[in-house]
Amino acid sequence: MKLWITGSKGMLGQDLCALAKQRFEVFESDKEIDITDDFTVSMFIAQNKPDTIINCAAYTAVDNAETEPEFNYELNTKGPKILGEWAAKTGIGVIHVSTDYVLNGTAPNPLREDAPIDPINAYGKAKAEGEALLASVNPNHWIVRTAWLYGFHGKNFVKAMLNLMRTREQISVVSDQLGNPTWTRDLAEALLKIAEKPKMPGVYNCTGEGITSWHEFAKEIQKQALEKKLLEREIPILPISSSEWKSAAKRPIWSALDKTKIKENFNVNVPAWQDSLSKYMELEK
Ligand SMILES: NC(=O)c1ccc[n+]([C@@H]2O[C@H](COP(=O)([O-])OP(=O)(O)OC[C@H]3O[C@@H](n4cnc5c(N)ncnc54)[C@H](OP(=O)(O)O)[C@@H]3O)[C@@H](O)[C@H]2O)c1
């Protein structure tokens with residue numbers, strides 16, 4: 001089986017490539033193979049003949065997306081469509097990574113894959129259109145929605161918190177947005193399970209198990225980091241509301257996703273978010 005992994009230098013892409021190489025023949029690419037360019041994509045597929053594409057390339061600057069509509073649209077909407085079209089021409093499928101931000105985030109229960117699409121920011125809108133276009137051009141699509149990603153590479157919440165906890169006397173973290181923290185390695189395992197036996201195309205949710213707030217997430221990061229000696233001292237972590245945290249893009253209040261479908265169809269193991277955080281920190285030491 002030959003896999004083409006795009007966005008290979010991103011936070012998810014790097015972990016996914018490392019795991020995938022143990023089980024697949026992997027063609028990896030990042031910006032040098034521009035997924036928004038028809039000719040480039042068609043040539044890459046013709047030359048390498050992958051059996052499946054996993055698309056991790058994206059524009060992920062959620063706040064900047066409000067003022068950079070072109071980059072956001074190109075990567076998050078046009079890119080998946082172009083990959084889907086050229087994959088369809090050669091009869092192969094696309095596993096595409098998407099986001100909880102395609103939903104409005106007001107439901108009180110974990111959101112299933114059939115929850116109404118209703119993004120509340122520019123990034124979510126572009127990702128929602130990308131999902132719809134990919135689905136319309138290629139029946140062999142697996143759209144995997146994830147949320148609150150962290151990993152060894154790139155900027156993310158866990159790294160940002162650890163840095164602040166080392167340098168500040170106290171920090172304030174939003175306590176009224178709820179969701180599922182997700183380790184890139186867990187998501188990568190799930191994506192490879194789909195790639196190994198691609199069946200039942202459609203939309204799938206995949207995040208860590210358990211619902212928490214950014215504030216509780218930060219407290220758990222500090223607790224575990226102190227236990228594992230990644231931090232030397234404890235600082236106060238104060239809860240604040242979303243309205244007190246100024247950001248360009250609105251964020252959903254409720255982002256928790258229901259993972260029943262991916263567990264049943266692909267036998268994906270969804271660990272508790274605290275357990276994954278612990279494994280991540282052990283390796284980070
Ligand atoms: N991060 C999160 O918390 C989160 C939450 C929910 C969903 N997701 C989704 O998860 C996926 C992976 O996210 P991530 O955080 O790993 O993203 P990331 O770190 O931003 O990685 C995306 C990669 O794509 C590259 N890229 C940019 N333009 C490209 C182009 N034209 N052609 C090919 N590659 C290009 C980027 O390069 P540059 O960095 O040089 O631009 C980067 O290496 C994305 O689909 C994202 O929407 C992420």
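Q: Which residue with a positive phi follows H7?
A: This model is predicted. Past the end of helix H7 comes a residue whose phi is positive, near 65 degrees. That residue is lysine 229.

Q: How far apart are the end C-alpha atoms of helix H7?
A: Helix H7 covers residues 214–227, which is 14 residues. At 1.5 Å a residue, the helix should span 20 Å. The distance between its end C-alpha atoms agrees with that: 20 Å.

Q: Which helices do the buried residues of H7 pack against?
A: The buried residues of H7 include Trp214, Phe217 and Ile221. Their partners among the strands are E6, E7, E11 and E12. The helices they pack against are H5 (157–167) and H9 (273–284).

Q: Which residue has a side-chain N or O atom 2.6 Å from an oxygen atom of the ligand?
A: The ligand is surrounded by 24 residues, and Asp30, Thr60 and Tyr123 are among the closest. Threonine 60 has a polar side-chain atom 2.7 Å from a ligand oxygen, while leucine 149 uses a backbone N or O atom at 3.2 Å. The side chain with an N or O atom at 2.6 Å belongs to tyrosine 123.

Terms used: Residues are numbered from 1 along each chain as its sequence is written. This is a predicted model: local features need pLDDT of at least 70, side-chain atom pairs count only at pLDDT 80 or more; totals for chains, interfaces and linings use all residues. Side-chain values use heavy atoms; hydrogens and water are left out. Helices (H or I, at least four residues) and strands (E, at least two) are DSSP runs, numbered from the N terminus. The expected span of a helix is 1.5 Å times one less than its number of residues. Buried means under 20% relative accessible area, exposed over 50%, partly exposed in between (1.4 Å probe, protein chains only). Contact means heavy atoms within 4.5 Å. A residue is near a molecule or strand if one of its heavy atoms lies within 4 Å of it. A polar contact is a pair of N or O atoms within 3.5 Å; within protein, one must be able to donate a hydrogen and the other to accept it, and residues adjacent in sequence count only if both atoms are side-chain atoms.
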